[in-house]
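Work through the exercises below with the sequence and the model side by side. Try each task before reading its solution.

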Amino acid sequence: MRRFRFLLALPVLLALGGCDFVVLHPAGDIAWRQRDLLIVSTLLMLVVIIPVMALTVLFAWRYRQGNKTATYRPKWDHSIELELVIWGAPLLIIICLGALTWMDTHLLDPYRPLSRVAKGQPIAEKTEPLEVEVVALDWKWLFIYPQYGVASLNELAAPVDRPISFRITSSAVMNSFYIPALAGQIYAMPGMQTKLHAVINRVGAYEGFSANYSGAGFSGMRFAFHGMEPSDFDRWVGVLRNADRPLTRAAYLELEKPSENVPVQHFASVDPALFQAVLNMCVEPGKMCMSEMAAIDSRGGLGLAGIDNVIPRLAYDKFERRGAIFGPPSSFVAGICTIDELTANEPRVAEALPADLAPLVGAGLQRPGFTPARLDTTLLRTPAIPDRNS
């Protein structure tokens, strides 16, 4: 029976046969260089790990109880040579790993524009990168091509050997944009923009997905990525332009609603400012964008008097209006002070009003044709709050 023990390993080998080693055999230059870093780092660490494991077996065998020929030295406690080997070898490996990782971390920075499309193949002059705006929805992926004015849902394509510049954001919850054959994962976060520069070097169909759990429909949040010849990519863009629907802001608000296992959709045209509106959380008409609020803050803000005027425009009511399952219920600001303060300041408001509310008239100007309004102080009175015990 012992000679057939190797058959017990067959199920494990069969299971490994179904694995997809795309990380070790990618199709893009960035992913290929990341693979090289992974392999070199593993080999450097094995320089220590393999001798340690081998010496563990050797010592256990040599100094076993039944071996009477092994040297017995109960008072031995130190060796300078062993100390140099034990501490010197790991120290050298750590230095090599640190230097290698530091250099590749900067060279493979996802925000860094590409300097080549493949090993020994620099980027040709006047090559325009393909721009793709990525929006992670619940639970699907939206890809906008601003240079072509088209968009697609759950389908991404790019020509081979052409740099790709991704701008990535999310509509509600954090996700992770990941195409193993192309490059490493990049997080997609609401109200924030991340970037990724990559290139695909081999024609084929590859899988992309979210690598960050984001709710019930997470398992179906996958899309197809096609590496194409330039002529095939142009034909694919033509297919999108012949689609029967545009991606307006209203269409996006419907698309943003949570849905699972959504089929591929194409859009013949796109609102040019849609991605910026998604990024600034102001797709709906009348909403103040985060960039506008930042501009107001940079000038000193609006002050307490302007809070009630901008609160309705600042409220990001995606969770309430568009049916998402995340987020708190809707709320509003009733005032900038407490009820007691409102009641106590009521006489001061009346005293602060000018005695004459007639409009000012300049020299040679006619009197404006309207009746001056007077403040109704009854609006400031707070209705009595019933006693809970009554």
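**Exercise 1.** Find which residues touch the most other members of the largest nonpolar core.

*Solution.* Remember that this is a predicted model. Start with membership: the largest nonpolar core has 41 residues.

Now take F225 and list its partners, leaving out residues up to four places away in sequence. F225 touches L156, A157, A158, I164, I179, L182, I200, G204, A205 and Y206. Last, check for another core. There is a second, separate one of 21 residues, with L137, Y252, V270 and A277 among them.

**Exercise 2.** Classify the ring pair formed by Y213 and F218.

*Solution.* Count the pairs: there are 14 aromatic pairs. Then take the distance for this one. The ring centres of Y213 and F218 are 5.4 Å apart, which is within the 6.5 Å cut-off. Then take the angle. The planes stand at 65 degrees, and over 60 counts as edge-to-face, so the Y213–F218 pair is edge-to-face.

Finish with exposure. Y213 has a relative accessible area of 61%, and over 50% counts as exposed, so Y213 is exposed. F218 has 24% relative accessibility, so F218 is partly exposed.

**Exercise 3.** Which residues do ring pairs link into a cluster?

*Solution.* The cluster consists of W141, F143, F166, F177 and F223.

**Exercise 4.** Are helices α2 and α3 roughly parallel or roughly antiparallel?

*Solution.* Set the limits: α2 covers residues 29–62 and α3 covers residues 80–107. Their axes come within 10 Å and cross at roughly 175 degrees. An angle over 145 degrees counts as roughly antiparallel, so α2 is roughly antiparallel to α3.

Now name the contact residues. α2 supplies R33, L37, V40, S41, L44, M45, V47 and V48. α3 supplies P90, I93, C96, L97, L100, D104 and L107.

**Exercise 5.** How many helices and strands does the chain have?

*Solution.* Count each kind: 11 helices and 13 strands.

Methods. Residues are numbered from 1 along each chain as its sequence is written. This is a predicted model: local features need pLDDT of at least 70, side-chain atom pairs count only at pLDDT 80 or more; totals for chains, interfaces and linings use all residues. Side-chain values use heavy atoms; hydrogens and water are left out. A nonpolar core is a set of buried Ala, Val, Leu, Ile, Met, Phe, Trp, Tyr and Cys residues joined through side-chain atoms within 4.5 Å. Buried means under 20% relative accessible area, exposed over 50%, partly exposed in between (1.4 Å probe, protein chains only). Contact means heavy atoms within 4.5 Å. Rings of Phe, Tyr and Trp (its six-membered ring) pair if their centres lie within 6.5 Å; planes under 30 degrees apart count as stacked, over 60 as edge-to-face and the rest as tilted. Axes are lines fitted to C-alpha atoms, for helices over the stretch in contact, and angles run from 0 to 180 degrees between N-to-C directions. Helices (H or I, at least four residues) and strands (E, at least two) are DSSP runs, numbered from the N terminus. Angles under 35 degrees count as roughly parallel, over 145 as roughly antiparallel, 65 to 115 as roughly perpendicular and the rest as oblique.
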